[in-house]
Amino acid sequence: MKSEGFPVPRHIAIIMDGNGRWARRKGLPRIKGHDAAESSIHDCVELCGEIGVEYLTLYAFSTENWSRPRAEVSFIMKLLSRFIRSNIQELDDKNVKLRVTGRISDIPRGPRGDLMDAMEKTGGNTGLNLVLALSYGGRAELRDCFVKIAERVRKGELEPDEITEDTIAGELYNPDIPDPELIIRTSGEQRLSNFLMWESAYSEFYFTPVLWPDFNREELEKALGEYGSRGRRFGGLSD
Ligand code: IPE
Ligand code: IPE
Ligand code: MG
């Protein structure tokens, strides 16, 4: 699919990093940076919907983020509830389907309930799939996947040498979602931080020093422009 001259990825995944530094630079407490993240999410959802991106995965909370101070974790969980409650109507109006990836059972009951309600409400929508990665870890996802495969082997449904790459891909959290063509990380860090380990095998990476609360429509357009200029070869030869 083409839009304004660049190819549009089916799936964009974003590591939304730099909220704490954004707040610190303004002399504010870290949590104000998380608060300010909402408008960036808004911009990305809007643009992705407009240009026909099918899946937008947002890394919102990692399995490692549970090790942050209790007050910050609790603030983020409350923010999650607030974000869902205040945006669900607009997301639904925009035909967005809300989904999640990660160990959702780890999420406290309040925000988990809001998530479930929002997923039910938007379940029939056919526009952008907005996938929130919550208590998500790439290693946790692979571990959980291997447990499911081991269980099938134990039951005699599968022989070990019948396990293919497709078997593994089929037991990930959301087997129907295609691998992301483009992974964006804000804040200048250039690492995966346990994001989509299996799914990112052939993703293009776009790193920007812009902190997440400052990432807007224009920044996403820049990332898409850069993505469009890359040659993807998948191990073969370029033409
Ligand atoms: C990203 O911003 C949000 C989460 C990981 C929840 P950070 O909170 O990591 O901000 P920095 O990296 O400390 O600036
Ligand atoms: C990655 O950011 C996780 C999310 C954006 C949710 P972190 O700030 O947790 O990653 P590290 O600690 O810099 O690797
Ligand atoms: Mg960070």
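Modeller: To begin with a term, pLDDT is the predictor's confidence in each residue, from 0 to 100. This is a predicted model, in which local features need pLDDT of at least 70, side-chain atom pairs count only at pLDDT 80 or more, and totals for chains, interfaces and linings use all residues. Residues are numbered from 1 along each chain as its sequence is written, and side-chain values use heavy atoms, with hydrogens and water left out.

Colleague: Which elements have the lowest and the highest mean pLDDT?
Modeller: Strand β1 (residues 2-3) has the lowest, 48, and strand β3 (residues 11-15) the highest, 99. The average over the chain is 96.

Colleague: How many helices and strands are there?
Modeller: The chain contains eight of each. Helices (H or I, at least four residues) and strands (E, at least two) are DSSP runs, numbered from the N terminus.

Colleague: What about S62: buried or exposed?
Modeller: S62 counts as buried because its relative accessibility is 6%. Buried means under 20% relative accessible area, exposed over 50% and partly exposed in between, with a 1.4 Å probe and protein chains only. Across the chain, 49% of the 239 residues count as buried.

Colleague: Where is S62 found, and what does S62 touch?
Modeller: S62 lies in strand β4 (residues 55-62). Leaving aside residues up to four places away in sequence, S62 touches S135 and Y136; a contact means heavy atoms within 4.5 Å.

Technical notes:
Chains are lettered from A and ligands numbered from 1 in the order in which they are written.
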